[in-house]
Amino acid sequence: MCSITGFFNNDNALDNTLHALEITKNRGLDGIGICTDSEIYRAENADSPGIGQETAGKNVLGHRLHSMVSFVLQPIVCKGRMVANCEIYNWKELAQKYDVHAKNDTDLLIKLIEMQALDSDSRALSRNEIMQVIDDVLRKVLGVYAFAYWLNGTVYIARDIVGIKPLWYSNSDSDGFGFASEKKALARNGYLDIRELNPREILAYDIATGTMEKYSRQFFSLTPQHEGSIIEVQEKMQRLLENAISIRIPDERFGILFSGGLDSTIIAYMCKLLGKVPGVDFTCYTSGLCEVQLPPDIEYAKMIADELGLDLRIKSIGMEEVENYLKEVVPLVEDTNVPKVGVALTMYAACIAAREDGIRVMFSGSGADELLAGYDRHKRSTDIDRDCYADVLKIYEKNTYRDDVVSMNNNIELRVPYLDKRFVDFCLKIPSEYKINDEQNKLILRLLADELGIPAQVSQRKKQAAQYGSRFDKAIGKLAKRAGCRTKTDYLSHFYDKPNLKLGVLFSSGKDSNYAMHIMQQQNYAIECLITIKSKNPDSYMFHTPNIDLARLQAEAMELPLIEELTMGEKEKELDDMKNAIIRAREEFGIEGVITGALYSNYQRERIEKVCDELGLKVFSPLWHIDQEKEMYQLLERGFEFIFSSVAAYGLNKSWLGHIIGKKDIEKLVKLNERIGLNVAGEGGEFESFVTDGPMYKKRIDIRDFDIMELDEYTAKITITNAVLVDKDRTGNCPVMKAEQKDINKGIE
C-alpha cells in the first residue's frame with residue numbers, strides 16, 4: 001500500500017515529514033509527495049533529493065506511493081487535501097453510482113467526502129458533522145484504508161473499522177500533532193506519547209487551538225443470529241468468502257501465505273477455482289527452519305500443494321539465517337513478545353521469497369481463528385459469541401500491525417479476505433454451536449473445506465500456531481540458550497532494547513492480578529504503576545475487597561507507585577471511579593495500556609475494555625481462559641506465595657485460611673473440582689487470595705497477626721491486622737491457626 005504522515009504546529013514539520021517518509025520508505029517505492037496549506041510537491045522518483053526543500057511552514061502532509069490502482073501521486077488536492085493508504089475494492093462502482101469522476105480510490109474518497117461535507121444546504125458544517133459525513137462515506141466503502149484529510153483548519157484521521165491498515169498519532173504542547181503509518185516514524189522524530197488510532201474512532205485535530213475531538217463509529221453486532229441449518233449457513237458463508245477473495249485478486253500475479261493449514265488452504269483452493277478465469281495467477285509461499293527434518297507446515301504445504309495442484313515456493317532457512325532475520329524483524333515490529341516475533345519471522349521469510357519473485361500482493365488467512373473460535377482457549381470459553389467478538393475487536397492490537405509492517409517492509413501489500421467487513425459481520429452472527437463443540441473448533445469452516453473437496457488431512461488438521469509449525473520458536477529458543485540468555489524475551493531484547501509498552505496494573509492484592517503483571521513484565525512490558533480500586537461494597541461484582549488496604553504494602557514491596565481510588569461500589573457507577581483512576585495513571589505515569597487478571601469473567605473484562613477503549617488504552621489479560629489447575633501450579637513454580645483470605649463454598653472452611661497455599665492444597669482443590677465442580681482457581685468466588693511474595697517482590701510480606709470471621713460452616717474470612725515487610729533472606733511465618741492443625745480433608749468430606 002503506502003506510507004502516510006503529517007506534522008502540524010511543529011517548527012520542524014518539513015524535516016519531520018521527510019524523515020518519517022525515509023523511515024517508512026519500503027511502504028512505497030513508486031512516488032513521493034508533500035504539501036503545505038499553499039504548496040504541493042510530487043515526484044515519481046521516490047528518492048528525489050530536492051523534493052520540498054524550499055517548503056516552509058509548520059503544517060505539512062507527506063506520502064509515499066505503492067501504486068496498485070492507476071498511478072496517481074499524492075497528496076490529492078481538491079477543496080481539502082488528502083493522503084491515504086487505501087485499497088477500496090468497490091471504488092469504480094461507487095464512482096458510477098454517485099456520478100463522480102475519479103482517477104482512483106483515494107481520489108474517489110476525497111470527492112465523496114466533499115460532495116456531502118461541502119454541498120450540504122450550502123452551509124458550512126461543524127467539525128462533528130464533517131466527521132459524521134466521513135463515517136457515512138466509509139460505511140459505503142469495501143476495503144481497507146488509513147487516511148488524513150486536511151480541510152481549512154482541521155485535520156481528520158481515520159482507518160478501516162477492523163484496523164487492518166495502521167495509523168499512529170501523538171499530540172503535545174511542545175511538538176504539536178503528528179501522525180504516521182508506523183509508530184517508529186513518530187518515535188524517531190522525538191514524540192513520546194504515541195497512540196494507535198482506535199479503528200472505531202475518527203479523530204479531528206484543530207490546528208488553531210491544538211485540541212482534539214473524537215467521533216465514535218459503530219462496530220459490528222452479534223445479533224440477530226443466523227437461522228437455518230449449519231449447511232444453509234455454510235453455503236451463505238461460502239458465497240461471502242468467495243466474493244471477499246475475488247474482489248481482492250489484483251490484475252497481476254500474486255502470492256498466498258501458505259501453511260498447509262485449514263485457513264490458507266481454503267483461500268488457495270478458492271483462488272485456484274477462480275483461476276479458471278483468465279488473469280488469476282498465483283504462487284503459494286511457506287517458510288520454516290530446516291535442519292534435520294522438515295517442519296510440520298512445510299510438510300503439510302508440500303503434501304496439499306501436490307494434491308491440489310498448487311504452485312508452491314518454499315523458503316528454507318538455517319539457524320544462522322534466523323538470527324540475521326531477527327535483527328530485521330524485531331525492530332520492525334517494535335516488540336519482543338515471543339509469539340508475535342515468531343509469527344512475524346515466519347511471514348518475513350515467506351515475504352522475502354515473494355519479493356524475490358516480483359510479487360507485490362500477498363493473501364493471508366488471518367482472522368479466521370478469531371471469527372470462528374479457532375484457538376485452543378475457545379474450548380474453555382463460557383461465551384463463545386462474546387469471545388469471538390472481543391477477539392475481532394482487539395485484532396488490530398495483536399496481529400494486524402505486525403502483519404502490515406512485515407509485508408510492507410518487503411514492498412508487498414497484504415490482503416486479508418477473512419477480515420472483509422461483510423464476512424466479519426456475517427460470521428459474528430453464526431451460532432456458537434456451528435463454530436465449536438467438545439471435539440473440534442471452526443466446525444463450519446471445516447465443513448466448507450469438505451464441501452470444496454479439500455483432503456481430510458487438512459480440513460480436520462488441528463491448529464498449530466505459525467511459530468511452532470515453522471519451528472522458528474524452537475530456533476529462537478536455541479539461539480537464546482546459545483547466547484546465555486535466561487529467556488527468549490531476554491534474547492530478543494538484544495535487538496530491541498525498549499519496553500514494548502508502558503502499562504498500569506488493575507491490582508487487587510490477589511494472585512491473579514499479581515501473576516498477570518508478572519507475565520507481562522517477563523514479556524518486556526514496563527510496569528509503571530499499580531491501580532487499586534477500594535470498594536465500600538463487599539459484594540462488588542467488579543472489585544476484590546478483602547484486605548485491599550494492604551495493596552499499599554505490596555506496592556512498597558515491589559517498589560512501584562500505587563494509585564488508589566475509593567468507590568461506593570454501586571453497580572456500573574463504580575466504573576466511573578475506575579475510569580478516574582486509570583486517567584490519573586495515564587496522566588501521572590504515561591501508561592499506554594492496562595493489565596487485568598481476568599480469567600473467565602466477561603462481566604469484568606468487557607467493562608474494563610470499554611473504559612480503556614474510551615481512553616485510547618490497550619488492555620492485556622494474559623490469564624484469559626487459562627486452565628485453572630494449570631494457573632495454580634504455575635504460581636507455585638514461579639515462586640509466588642499466597643494465602644486464602646476468604647472462603648465461600650461448600651467443601652471449604654476456615655481451616656483453609658491464613659497459611660501459604662502449597663501443592664497439597666492444590667491437589668485437594670482438584671479433588672473438590674472432580675467431586676463437586678469447585679473452581680480450582682476460585683473463579684466462581686469460592687475463595688479470595690492475598691499475595692505475600694513473588695518474583696517481582698523486592699521484599700516479602702510477613703503476616704504477624706489476623707482476625708477470623710466465620711459466617712457459617714463454609715464461609716469465613718480473615719482481616720490482616722499486622723503485616724510488615726522483611727528481607728527475602730529472612731524467614732517470617734504466618735501465624736498458624738489452631739484450626740490449621742486439623743486435616744484439611746475435612747473440607748472435602
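A network of salt bridges links Arg-27, Lys-165, Glu-182, Lys-184, Glu-334 and Asp-404; here a salt bridge is a side-chain nitrogen of Lys or Arg within 4 Å of a carboxyl oxygen of Asp or Glu. The model is predicted, with local features needing pLDDT of at least 70 and side-chain atom pairs counting only at pLDDT 80 or more, while totals for chains, interfaces and linings use all residues. Residues are numbered from 1 along each chain as its sequence is written, and side-chain values use heavy atoms, leaving out hydrogens and water.

By the salt-bridge rule, the count comes to 64. One of these joins Arg-217 to Asp-135, with the closest N and O atoms 3.2 Å apart. The two partners sit 82 residues apart, Arg-217 in the loop between strand E13 (211-216) and H6, and Asp-135 in helix H4 (residues 127-140); helices (H or I, at least four residues) and strands (E, at least two) are DSSP runs, numbered from the N terminus. Arg-217 is buried at a relative accessible area of 10%, and Asp-135 is buried at 5%, where buried means under 20% relative accessible area, exposed over 50%, and partly exposed in between (1.4 Å probe, protein chains only).

Another salt bridge brings together Asp-613 and Lys-394 (3.4 Å, N to O). This pair spans 219 residues, from Asp-613 in helix H23 (residues 602-615) to Lys-394 in the loop between helix H12 (384-393) and helix H13 (395-409). Both Asp-613 and Lys-394 are buried.

Lys-579 and Glu-614 also meet in a salt bridge, at 2.9 Å from N to O. Lys-579 belongs to helix H22 (residues 574-589) and Glu-614 to helix H23, so this contact ties together parts 35 residues apart in sequence. Lys-579 is partly exposed, at 24%, and Glu-614 is partly exposed, at 37%.
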